[in-house]
Amino acid sequence: MNENNKPVVHLISKPENMLKTIYTACRTCYSALAPYEIYESTDDEEKMLNLIERVVSSGHYSTIEHIQVTFAISNVSRACTHQLVRHRHMSFSQKSQRYVKEKGQFDYLIPPTIERNEELKTKFENFMGEISKLYCELTEAGIPAEDARAVLPNAAATSIVASLNLRELIHIANLRLCTRAQYEIRNMVKAMCDELVAQEPWLKSYLVPKCQRLGFCDEDKSCGRMPVREK
């Protein structure tokens with residue numbers, strides 16, 4: 001078991017001039033100037049931010065698709081990454097349970113609801129131990145790791161490199177930062193957003209739950225943070 005239940009997230013790649021790149025894309029649509037002339041023409045951050053906000057608020061999201069960011073993510077469960085890889089317009093490279101053979105007790109994540117119950121936590125940990133013993137028995141008997149992995153649980157820890165464009169990251173943040181999202185992916189996406197905002201503070205108002213951008217909740221079941229759409 002890994003004693004730390006929190007995801008470990010690092011931003012490992014992003015454009016050097018993210019704001020100017022998006023501004024150039026926005027201005028190119030409305031200017032007779034060549035794109036590089038636009039790129040070189042201003043360093044006025046307020047001017048760039050105002051245009052980007054107007055363009056993105058109008059629904060012209062293609063202008064932010066030019067920005068690609070990459071995160072190195074570890075100490076998350078397979079259940080969490082199974083949710084992440086459902087998102088479109090992303091690229092993934094994940095620790096393989098086929099080629100990486102577990103030795104001894106594999107790392108796993110315990111959901112907080114289980115961890116708070118000492119009796120159930122003990123049963124959970126014992127069960128993980130039994131799974132590990134069976135897995136080792138299978139691999140020691142010559143069963144390939146790609147087949148022995150069939151017994152490994154959703155709780156097993158994994159690592160993944162994820163790349164995506166800014167439009168998709170905003171979309172994911174809008175969905176997964178919602179209080180109704182599952183806790184682990186919510187924590188992971190929050191860590192991803194925090195990593196990027198630390199270097200690009202202007203993005204803070206975009207990387208939020210969708211209700212914060214919309215001003216209302218459009219979920220079937222609202223947490224009550226914002227008024228529901230009908231009201």
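Biologist: Is H87 buried or exposed?
Modeller: H87 counts as buried because its relative accessibility is 11%. Buried means under 20% relative accessible area, exposed over 50%, and partly exposed in between, with a 1.4 Å probe and protein chains only. This is a predicted model, in which local features need pLDDT of at least 70 and side-chain atom pairs count only at pLDDT 80 or more, while totals for chains, interfaces and linings use all residues. Residues are numbered from 1 along each chain as its sequence is written, and side-chain values use heavy atoms, with hydrogens and water left out.

Biologist: Where does H87 lie?
Modeller: H87 is in the loop between α4 (78-84) and β3 (90-94). Helices (H or I, at least four residues) and strands (E, at least two) are DSSP runs, numbered from the N terminus.

Biologist: And which residues is H87 in contact with, leaving aside its neighbours within four places in sequence?
Modeller: They are F92, E168, H171, I172, L175 and R176. Contact means heavy atoms within 4.5 Å.

Biologist: Turning to cysteines, how many disulfides are there?
Modeller: The count is zero, where a disulfide is a pair of cysteine sulfur atoms within 2.5 Å. C26, for instance, is in no disulfide, as the nearest cysteine sulfur, that of C29, is 7.0 Å away. C26 is buried, with a relative accessible area of 1%.

Biologist: How many aromatic pairs does the structure hold?
Modeller: There are four. Rings of Phe, Tyr and Trp (its six-membered ring) pair if their centres lie within 6.5 Å; planes under 30 degrees apart count as stacked, over 60 as edge-to-face and the rest as tilted. Y108 and F124 are a tilted pair, because their ring centres are 6.0 Å apart and their planes stand at 55°.

Biologist: Which parts does the pair of Y108 and F124 tie together?
Modeller: Y108 lies in the loop between β3 and α5 (112-115) and F124 in helix α6 (residues 118-140), so the pair ties together parts 16 residues apart in sequence. Y108 and F124 are both buried.

Biologist: What sort of aromatic pair do W202 and Y206 form?
Modeller: That pair is edge-to-face, with 6.2 Å centre to centre and 80° between the planes. W202 and Y206 are both buried.
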